[in-house]
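Subject: Handing over the model, with notes

Dear colleague,

Please find below the structure that I promised to pass on to you. My notes on what was found follow after it, and I would be glad if you read them with the structure open.

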Amino acid sequence: MKVEHDGRVYVIDGERVVIYGGTLQFFRIPRRHWRDRLEKMRRHGLNTVDTYVAWNWHEPENGEFDFTGETHPQRDLVGFLELVQEMGMHAIVRPGPYICGEWRNGGIPEWLINGHPEILARGPDGALPRDIYYPPITYLHPTYLEAVSRWYEGVLPIIRDYLHTNGGPIVSVSIDDEPSYWETIFQPFLTDYNDVVVKPGGLWEEWLRENYTLDELGERYGRPIGDYSEVYAPASENEPLPKLLDWHRFKIWMTNRYVETLYDHLKRYIDVPISILDPYLLLAAWKHFYRYVSEKNLDIHLWTEFWYSFYRSFDFKEDRLGHIYYKTGIYRFYQRKLGTPPLSIETQASLAHTIEPDEAELLYALLPALGIHNINYYLYAGGENPEGYESHNGITWDVYSPVGLDGSERPHVEPIRWLGEFLSGNPGFVESPLRPRLAFGTYEPYEPLSLWGLRDGLKESVNLNEYLFGERGLLTLLAMSNAPFDVLDLEEASVGEMLAYGQLWVYSLDFMSRDVQDKLVEFVERGGNLVILPMLPYLDENMKPYSTLADYLGVEVEPAEARDNVRLIPFVSVSSDGIDRMITRNVVREVRGGTPVVFASGKPVGALVRKGRGSAVVLGFRLQYFGSHHDLHRKFVDKLLSLQGIERDFEVTDRDMIAIPRGNYLVLANPRGHRVFGKVRYGGTEVPKLMDGIEMRKRGVLFLPFEVRYGDVEVVYSTATVLCRDGDVLHLRNHLSNLSEVALRNVEDVRVVGGKIVDESLSDGVLTIVIEHEPGDFELEF
């Protein structure tokens with residue numbers, strides 16, 4: 001009885017298993033409904049149930065545990081796990097101590113907070129308000145850690161009895177839930193100024209001693225420092241920028257040490273994979289988690305989540321593509337380094353007033369298309385908060401879950417059902433490589449500056465949410481230009497890893513570390529193709545002059561200052577050969593040196609430089625996505641690819657048909673929602689052959705197989721998604737059109753169920769048929 005993994009999926013008793021689950025919080029659902037909800041989940045194609053175990057629910061009074069329902073039937077953790085096992089499903093258990101979960105205090109007992117208020121995190125001016133619905137805790141406070149130890153000693157023996165390795169259903173146990181100081185890490189000076197943190201000899205001083213000599217601190221902070229006790233924790237913007245970044249890194253370090261403490265507890269009881277969800281609720285900061293667990297040799301599976309709306313209508317359309325490409329990309333980068341399976345443990349399936357099936361499908365299907373094949377939907381079954389455990393969500397906790405509070409099933413169950421059928425029926429899809437030609441290089445120190453909005457004299461705006469990730473962001477432009485990309489952490493990636501891509505895009509602020517600038521120089525010198533905008537760095541990580549990259553390229557970018565006032569930011573038009581008056585936003589800087597390729601008001605604002613065996617395109621402006629009819633921005637991306645000799649490994653005749661190549665599969669998405677129609681070329685094959693084109697009438701996703709075998713039948717190509725083969729029946733789905741074309745090898749005759757053949761041909765042993773059908777599922781019988 002083992003739970004292992006191969007870096008892509010979990011291997012349970014030797015069988016490769018794609019985790020496909022949903023969150024059911026047994027403590028919010030009447031016990032008599034547990035079986036009904038689990039049966040519905042299983043019928044929808046789910047094989048796993050995820051649940052929290054709330055500390056304050058199972059230990060309502062200090063030392064009084066209930067895991068069998070003696071005081072309340074919804075406290076019967078043992079009974080729930082036994083039912084999950086009886087239903088033949090796997091379980092993921094998250095015992096906190098903090099669970100978030102839109103639950104009272106995030107699971108921290110009231111008796112602990114009231115009895116020991118010293119464990120609460122503090123602001124620079126003292127205690128924070130007590131009416132915060134997730135009161136922030138000083139994780140490393142010894143009193144809190146002692147209480148956590150007692151909780152674990154109570155709950156972990158129960159969990160151990162129901163591990164898969166002991167014959168139970170539990171295949172993974174998670175540490176805490178998003179242990180990020182309850183999001184106060186997003187604000188630089190909100191927490192944590194608890195005495196154990198900032199006192200002389202406290203945690204802040206300990207971190208400084210571990211990371212810097214006194215001379216290094218003096219260089220970094222711009223003044224002589226005689227003793228570590230002189231370096232007070234920053235409490236305002238009136239501090240050197242490197243010190244503010246260090247304060248951010250220090251809070252991340254405290255989270256890491258806390259995670260290590262919990263991990264050590266769990267390892268005494270748990271011999272299935274131990275996992276964690278987004279330790280900081282940040283993205284580029286995963287660098288710090290990777291470094292810490294690697295150094296400490298902690299075997300923790302890093303899981304992620306995807307949320308695109310809260311308490312309003314669900315919103316996932318074309319303007320979200322840049323963010324999801326980026327988040328899946330940076331997640332894949334670290335997941336590959338950690339060597340553990342990718343899993344989205346909280347894929348949004350609730351917390352919205354309505355969830356339209358087409359937008360839900362776009363999100364859900366893009367996750368496996370972009371390399372995350374293990375998916376858990378949150379919150380899958382609605383429930384109700386027991387009296388006394390209400391939080392900001394009130395009594396009921398059913399904000400459009402797939403299975404409602406009353407057991408009803410909502411429309412976005414449908415994409416969940418068919419995607420699960422595809423993943424289980426196409427095991428080769430998981431093995432199909434995702435190898436984009438492009439990479440985006442991220443530089444982690446920019447993330448907190450963008451988060452805080454702190455510019456501190458920099459010439460470039462730190463509003464990266466708008467300029468990179470937002471609805472008009474550069475990354476959405478790349479995605480909508482059919483330029484799929486990976487993400488590299490510029491500090492962690494080697495030059496060899498960078499050279500694996502045809503083109504590396506970098507967004508630069510005024511500063512960039514000496515090491516990273518030197519890497520980029522070596523990258524170009526050794527044959528790499530760099531695109532960098534909207535400036536070149538002229539400072540290093542200590543904000544000292546350093547311009548090795550600019551000096552190497554022989555390019556100078558005008559030191560013009562960007563604006564931050566949104567209402568006053570101008571729109572400027574730039575032009576290039578074949579592209580006239582393309583709009584860009586904010587300052588446009590002159591670029592001197594190289595071969596000019598872009599102009600504004602007669603001056604060069606972009607240049608191509610060839611150096612060593614490589615090249616660089618330097619742009620003095622922001623390239624963003626503006627979805628207007630002339631589409632010049634996407635044409636400009638094509639131009640930049642052409643300038644550096646980059647070719648896509650697919651073609652589409654309708655550029656609004658977004659393609660993601662996956663080995664023997666080509667994923668097609670229609671993110672805009674209007675009708676798209678065209679042909680595609682992939683792997684040297686143009687399809688369709690008998691029809692005029694592939695139609696996608698509305699928003700949605702198709703997984704097109706190319707030379708994929710289903711038993712003894714080879715699907716040469718199909719314009720419909722092949723869900724699976726069952727005996728002599730091939731199950732297909734095309735809900736975006738009423739015509740599908742399928743080419744088959746090793747098949748002489750076929751019968752269609754749910755449609756009719758309207759055209760066919762037989763050539764070189766390949767039977768090609770066009771099927772007319774109602775949008776949805778149909779079958780081919782051999």
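Two strands are said to pair if DSSP finds at least two bridges between them, and helices (H or I, at least four residues) and strands (E, at least two) are DSSP runs numbered from the N terminus. Residues are numbered from 1 along each chain as its sequence is written. Please keep in mind that this is a predicted model, in which local features need pLDDT of at least 70, side-chain atom pairs count only at pLDDT 80 or more, and totals for chains, interfaces and linings use all residues, while side-chain values use heavy atoms, with hydrogens and water left out.

I begin with a hairpin. Strand E40 (residues 755–763) runs antiparallel to strand E41 (residues 766–773), and eight bridges join the two. Within this pairing, Glu 760 has Ile 769 of E41 as its bridge partner. Two residues lie between the strands of the hairpin, where Asp 764 takes a positive phi near 55°.

As to the chain as a whole, its secondary structure comes to 21 helices and 42 strands. The radius of gyration, taken over C-alpha atoms, is 27 Å, which agrees with the value near 28 Å that a compact globule of 782 residues would have, the globule rule being 2.2 Å times the number of residues to the power 0.38. Along its principal axes the C-alpha trace spans about 80 × 75 × 45 Å. Of the 782 residues, 64% count as buried, where buried means under 20% relative accessible area, exposed over 50%, and partly exposed in between (1.4 Å probe, protein chains only). Among the contacts (heavy atoms within 4.5 Å) with a separation of 6 or more, 72% are between residues 24 or more positions apart.

Next comes the strand E18 and its neighbours. All five of the five residues of E18 (residues 503–507) are buried, so this strand is largely enclosed by the rest of the structure. Both of its faces are covered, with Gln 503, Trp 505 and Tyr 507 on one side and Leu 504 and Val 506 on the other. E18 pairs in the parallel sense with strand E16 (residues 438–442) over four bridges, and in that pairing Gly 441 stands opposite Val 506. The pairing of E18 with strand E19 (residues 529–533) is likewise parallel and has four bridges, with Leu 533 of E19 as the bridge partner of Tyr 507.

Leu 533 is also joined to Pro 534 by a cis peptide bond, with omega about -10°, and Pro 534 is found in the loop between E19 and helix H20 (548–553). In the loop between E19 and H20 there is also Met 543, whose phi is positive, near 65°, although the residue is not a glycine.

Both Tyr 507 and Pro 534 are touched by Glu 460, whose other contacts, not counting residues up to four places away in sequence, include Arg 455, Asp 510, Arg 589 and Arg 622. Glu 460 is found in the loop between helix H15 (446–452) and helix H16 (464–469), and at 0% relative accessibility it counts as buried.

Helix H10 (residues 286–296) has as its buried residues Trp 286, Lys 287, His 288, Phe 289, Tyr 290, Tyr 292 and Val 293. What covers these buried residues includes helix H9 (241–267), strand E10 (274–277), strand E11 (300–306), helix H11 (321–338) and strand E17 (485–489). Just after H10, Asn 297 takes a positive phi of about 60°.

Two further places in the backbone deserve a look. The peptide bond from Thr 191 to Asp 192 is cis, with omega near 0°, and Asp 192 is found in the loop between strand E9 (170–175) and helix H6 (195–198). Asn 746, which is not a glycine, has a positive phi of about 70°; this residue lies in the loop between strand E38 (739–745) and strand E39 (751–753) and is partly exposed, with a relative accessible area of 46%. As background to these cases, most residues other than glycine have a negative phi, and most peptide bonds are trans.

With best regards
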